[in-house]
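Take a walk through this model, one region after another. Keep the sequence and the coordinates open as you read.

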Amino acid sequence: MKREMGYAVLALCLGLSAAACTGDEGGQASGADTGRGGEEGGSSESRSHHEPDAMAPPDAGPGMPGDPAMDAARRMVEEGRETFRRDTFGDEAFWGGALRLHDAIKGEALGGVGDGVSPATALALGLKVDVDALPPELLEALAAGQVDLDDPATTLALLQLDAVVGVKGIFDDGGQLVSAGIRCALCHSTVDDSFAPGIGHRLDGWAARDLDVGAIIAAAPDLSPLTALLGVDDATLRAVLRGWGTGKFDAEVLLDGKAAGGPSGSSATLIPPAYGLAGVNLHTFTGWGSVTYWNAFVANLEMQGQGVFYDPRLDDADRFPIAAANQFGHKSSSPDLITPKLAALHFYQLALEAPTPPAGSFDEKAAARGEALFAGKARCAGCHVPPLYTEPGWNLHTPEEIGIDDFQAKRSPEGRYRTTPLRGLWSHQTGGFYHDGRFATLFDVVCHYDSAFHLGLSGSEKDDVVQFLLSL
Ligand code: HEC
Ligand code: HEC
């Protein structure tokens, strides 16, 4: 792992006050400058210095009673952020209790199984470390190369500090790791690499495109709860999980048991960003429902948290054989650890704006030409309506309407694809575009539309549209 780039920053941080150093890391254009994730350590601090009154009523000074709506907004954002970053909704009963993921993290030497997960391995799997959770002594030792990044015991120490983004380690009084759970931030956050690659300030809402979720799940010693549900053997399931690839996950496999299909052969989709969602009607690639619908779905049925979930569409045994047989659309766990969190979680997600492209990252003149093409000859704005870049209203299309196959669409209740809101495209170019990443570049996307819709765009017109897409 490369650690050099963190040293200068660390020296700065140790010497200066936190407020002076956190907003000014400079190293990564995608980080402190542009992240709008509302993270405590990085850009939100610097932003709140610039815009102290962004969330406050104009006449509310310190100590004065505020506008009730603004007070509620602030409270909801704070609560929702906590839920997004730290809540497991009780899912440790599944990931730790049933799959024993924590035993794989510990490794045999520390009382678990296998080699254990060292920090180097964790970072290679795309897991991230929240630099704001690390005490100064540890930062110093890390910078001095005095921390053993090949020892699973170091991972346990990081988990005890709650520094691994999206993963919760549960320790007993004797300091033993006894269980583990996952959080929303696992897949929908990254860090700005301000300290070192994989170690930095949180960027909430950014898609974890270098995270290998399948490999992480496949590391669990006991997959029997999943093999029983899916009716496949252990080796088959592990092969499917390892086949998903980086930045991907299959949110429907536990409903329909389909582990293969579509042009790539894999049933997994890309992890989408969870920012820039306000004003957008239907969410997920195939339009399952609103943000709060999907939040409840994921917390209950994917993360395996303890809550209440209702969706009679899952009773359709042809489309969702596993969900129908197991009554997934009628789930009711007690206590309900999910429903009370949904309102604030929804509010927080809507507050996460898409990050602005870094200055100089696209050609402004070409982008201006591209904007005219987007609304005109290229006919993009008919569906991607600015400034939301999806349709106000019912934002779904048949596979034929966008010129692609129906494999993934047919795995959802509506059988359609949702018009993706396009803001922040520049920040998730790893892994490709469209739900399964079938188009490696934005240029490939534009070429697809050019041929599917017979647009007759010239090569330079296609380039201009790409520059416009990068400017969003
Ligand atoms: C294991 C990885 C993973 C975890 C954990 C996870 N998600 Fe997701 N999320 C995904 C994937 C993959 C999709 C795309 C699913 C699809 O379209 O079929 C998605 C889609 C979404 C969307 C829709 C985004 C859009 O463009 O419309 C929202 C909102 C969302 N997730 C919120 C959450 C919340 C809130 C949590 C925690 C309760 C969470 N996710 C946990 C992987 C994850
Ligand atoms: C008929 C409606 C429609 C039109 C017209 C349309 N799109 Fe799309 N667009 C969609 C849908 C639906 C998706 C989601 C496809 C998927 O995920 O498989 C999408 C996805 C995209 C994506 C991928 C975003 C991502 O994050 O993966 C880009 C980029 C895009 N469109 C750009 C354009 C451009 C540029 C044009 C004009 C040349 C255009 N679209 C025309 C409906 C449309």
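**A hairpin and its turn**

Gln176 sits in the loop that links strand 2 (167-171) and strand 3 (177-182). Helices (H or I, at least four residues) and strands (E, at least two) are DSSP runs, numbered from the N terminus. This is a predicted model, in which local features need pLDDT of at least 70 and side-chain atom pairs count only at pLDDT 80 or more, while totals for chains, interfaces and linings use all residues. Residues are numbered from 1 along each chain as its sequence is written, and chains are lettered from A and ligands numbered from 1 in the order in which they are written.

Gly111 is 65 residues away along the chain, yet the two C-alpha atoms are 9.3 Å apart.

Strand 2 and strand 3 form a hairpin with five residues between them. In the turn, Gly175 has a positive phi of about 80°. The two strands run antiparallel and are joined by five bridges; strands pair if DSSP finds at least two bridges between them. One of the pairings links Lys168 to Gly181 in strand 3. Strand 3 is mostly covered, with five of its six residues buried.

**Helix 5 and its cover**

Now move to helix 5 (residues 68-86). Its 19 residues should span 27 Å at 1.5 Å a residue, and the end C-alpha atoms are 27 Å apart, so the two values agree. The expected span is 1.5 Å times one less than the number of residues. Which residues of helix 5 are buried? They are Gly80, Arg81, Thr83, Phe84 and Arg85. The cover over these buried residues includes helix 11, strand 6 (202-204) and helix 18.

Lys341 belongs to helix 18. Lys341 counts as buried because it has 22 C-beta neighbours inside 10 Å. Beyond its neighbours within four places in sequence, Lys341 is in contact with Thr83 and Asp87. Contact here needs C-beta atoms, placed from the backbone, within 7 Å. Lys341 and Asp87 are 254 residues apart along the chain, but their C-alpha atoms are separated by 9.1 Å.

**Two ligand shells**

Helix 11 and helix 18 return around ligand 1. The shell of ligand 1 has 25 residues, and the closest are Cys184, Cys187, His283, Thr284 and Phe285. A residue is near a molecule if its C-beta atom, placed from the backbone, lies within 6 Å of it. Helix 11 (185-188), helix 16 (291-302) and helix 18 (339-351) each supply at least two residues. Helix 16 gives the most, with five. By class the shell holds 18 nonpolar, seven polar and no charged residues. Ala, Val, Leu, Ile, Met, Phe, Trp, Tyr, Cys and Pro count as nonpolar, Asp, Glu, Lys and Arg as charged, and the others, Gly among them, as polar.

Ligand 2 also has 25 residues around it, and Cys380, Cys383, Phe433, His435 and Tyr449 come nearest. Helix 20 (399-402), strand 12 (417-418), helix 21 (442-452) and helix 22 (459-470) each supply at least two residues of this shell. Helix 21 has the largest share, four residues. Here the classes are 16 nonpolar, six polar and three charged.

**Backbone exceptions**

Most residues other than glycine have a negative phi, and most peptide bonds are trans. Gln304 has a positive phi of about 65°. Gln304 lies in the loop between helix 16 and strand 9 (308-310), and it is buried because 25 other C-beta atoms are within 10 Å. Gln327 has a positive phi too, near 55°. Gln327 is exposed, with 11 other C-beta atoms within 10 Å.

Ser334 and Pro335 are joined by a cis peptide bond, with omega about 0°. Pro335 falls in the loop between strand 10 (330-332) and helix 18. The bond from Pro386 to Pro387 is cis as well, with omega near 0°.

**Confidence**

The protein chain averages a pLDDT of 89, and 86% of the residues score at least 70. pLDDT is the predictor's confidence in each residue, from 0 to 100. Over residues 1-52 the pLDDT is below 50. Where pLDDT is low, the predicted coordinates should not be read in detail.

Note on methods: A residue is buried if 20 or more other C-beta atoms lie within 10 Å of its own, exposed if 12 or fewer, and partly exposed in between; C-beta atoms are placed from the backbone. Two residues are in contact if their C-beta atoms, placed from the backbone, lie within 7 Å.
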